[in-house]
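These are my notebook entries on one protein chain. I set down what I looked up, entry by entry.

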Amino acid sequence: ETGGRPFVISGLSQGQTGELSLQLSRGAARPVVVRPEVEEKQSTESLFMAQSPMEPAAWQAMIGAWQDKAWNYLSGERLDISVGAWKKPDGSLTFDETSYIAFMAEAYRRGDANRAAALTQAVRSNSPDKVSWRSVPFAGRTAAAMADFESAGLLATKEAERKLQSRSVELFYTPGIVPFLFDRCPFSLAQESMNFAAQADFSGLNVSTALKLLSAYLDARSYLADDKNPFARVLESADRVVAPAVRRAESGYFLVTGSDGQADTLTGLEAGRVLVRLAEATGKNVYAGMGQSLIKAMLGAAAEDGSLPRSFTVREGLAIPSGERVAPPELYERIAVSPYLPRAVSFYKELGPGSWVWTCAPALTLKASQESVSFKAEFPVGSSHYMAVYGVKPYSRIQLYGLNYNMDPGFENYNASGYFFKRAAGVMYVKMRHKAQAEELAIFY
């Protein structure tokens, strides 16, 4: 170091006791080069100039190739579909909800509704108590599982209120916090939280917290106008915090979050998805190239069964995979593209706060007037799925298949559509058995 400026020396080797010696090549000393260390002040655009977005067909083919591997893992010899269970390493069989969700989303995507129905029948017969809110859209058990979900939501609301009262920015690091506030909390809490977000001190972000705030920005776009989005001011963290953590290795680009060069796979996949969404929101293709590069590098390390290393250590231009691996069920929702994955569909803009649906229908549209609200869901003909519809007001009548239907607590037991309404909570649990690809739930006031 000279005058406080560090220099980089190459061409020397360091022994165990710290002494330096010349490097030899074929008996001759390699040249010794001393140069000042240059701070990396390149823009995101220059760092990723070569990483333009992939062609859509190539991107889809890459994701599709991994989904083929994941499907073989989920539907292969590990699965005993007759009992709705997967074989563990010790040979025992057990129901695994994460595997079940991934199997169902992928089976329907592939047009294999018969196997999906067979697995669901086995799960409902042998493991109904293990069906949580996560898999309700496929398996039902709606009233019990969603009641647990709703109770947990009340506790989460109290926790959000506590963080807001203490003015803790940790509130916004909670995954999915923006949809939670607008769809599941009192509207006053959502408003106060957005006011706090506009004033909160978000300095000192690391990669993990920057990604969470960028996700909050993207989610808030579904609820607020662009000029009212309090998270817009964190957009610069994509360039200032996230981009510098992306390191290049021989096998591609990795998001390094540890001082030892560790790149966590699940965090890298999350970053990839956030950056791709950010490109769509901002029109900056450099983010799509960066995000796709992260996902591509990790999928390049996929085994034949679709598993990925739990992490990589990026050092001296190499990405060294860890021995521990992540299986396809845990990865599926982070990588796969399937319109049948269970998700929350918000109708905040159409119907106001608290109006949303938990569903696996690949398409769900709304038609609303002063007299009625109609939800149109698409699903394979002859198949059934379940929905939890929140924000339902007291009504005069309900129609399914264009016919007036009465409420029935045992609605899930019939080979037809049906529903149950919890008036005090404003939630309706619905089974939709599809005689046609598109079926309608009509609520008249």
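**Entry 1: a serine in a helix**

I looked up S99 and found it buried, at 2% relative accessibility; buried means under 20% relative accessible area, exposed over 50%, and partly exposed in between, with a 1.4 Å probe and protein chains only. I note that the model is a predicted one, in which local features need pLDDT of at least 70, side-chain atom pairs count only at pLDDT 80 or more, and totals for chains, interfaces and linings use all residues. Residues are numbered from 1 along each chain as its sequence is written, and side-chain values use heavy atoms, with hydrogens and water left out.

S99 belongs to helix α3; helices (H or I, at least four residues) and strands (E, at least two) are DSSP runs, numbered from the N terminus. I then listed the contacts of S99, setting aside neighbours within four places in sequence, and found L74, W86 and P329. Contact here means heavy atoms within 4.5 Å.

**Entry 2: the chain as a whole**

I recorded 14 helices and 26 strands for the chain. Of its 445 residues, 46% count as buried. Among the contacts with a separation of 6 or more, 61% are between residues 24 or more positions apart. The accessible surface is about 22,300 Å², and carbon and sulfur atoms hold 49% of that surface; areas come from the Shrake-Rupley method with a 1.4 Å probe, and for residues only the protein chains shown count as cover.

**Entry 3: aromatic rings**

Rings of Phe, Tyr and Trp (its six-membered ring) pair if their centres lie within 6.5 Å; planes under 30 degrees apart count as stacked, over 60 as edge-to-face and the rest as tilted. The pair of Y108 and F138 is stacked, because the ring centres are 6.2 Å apart and the planes stand at 20°. Y108 is in helix α3 (residues 97-109) and F138 in helix α5 (residues 136-139), so this pair ties together parts 30 residues apart in sequence. I found Y108 buried at 7% relative accessibility, and F138 buried at 3%. Ring pairs also join F95, Y100, Y108, F138, Y340 and F379 into a cluster.

**Entry 4: an open sheet**

I traced an open sheet of five strands, antiparallel in its pairing, in the order β19-β20-β26-β22-β23. Strands β19 (363-368) and β23 (403-405) are at the edges with a single partner each, so one side of each has no neighbour in the sheet. On average, neighbouring strands are turned by 25° against each other, direction ignored; axes are lines fitted to C-alpha atoms, for helices over the stretch in contact, and angles run from 0 to 180 degrees between N-to-C directions.

Strand β22 (residues 397-400) pairs with β23 in the antiparallel sense over three bridges; two strands pair if DSSP finds at least two bridges between them. Opposite I398 I found Y405 of β23.

**Entry 5: charges over rings, and positive phi**

Which residue lies in the loop between β22 and β23? I found Y401 there, with a positive phi near 55° although Y401 is not a glycine. The charged end of K435 sits over the ring of Y401, 4.1 Å from its centre. A charge sits over a ring if NZ of Lys or CZ of Arg is within 6 Å of the ring centre and within 35 degrees of the ring normal. R397 has its charged end over the ring of F444, 3.9 Å from the centre.

I also noted R141, another residue that is not a glycine, with a positive phi of about 60°. R141 is in the loop between α5 and α6 (142-165) and is partly exposed, at 27% relative accessibility.
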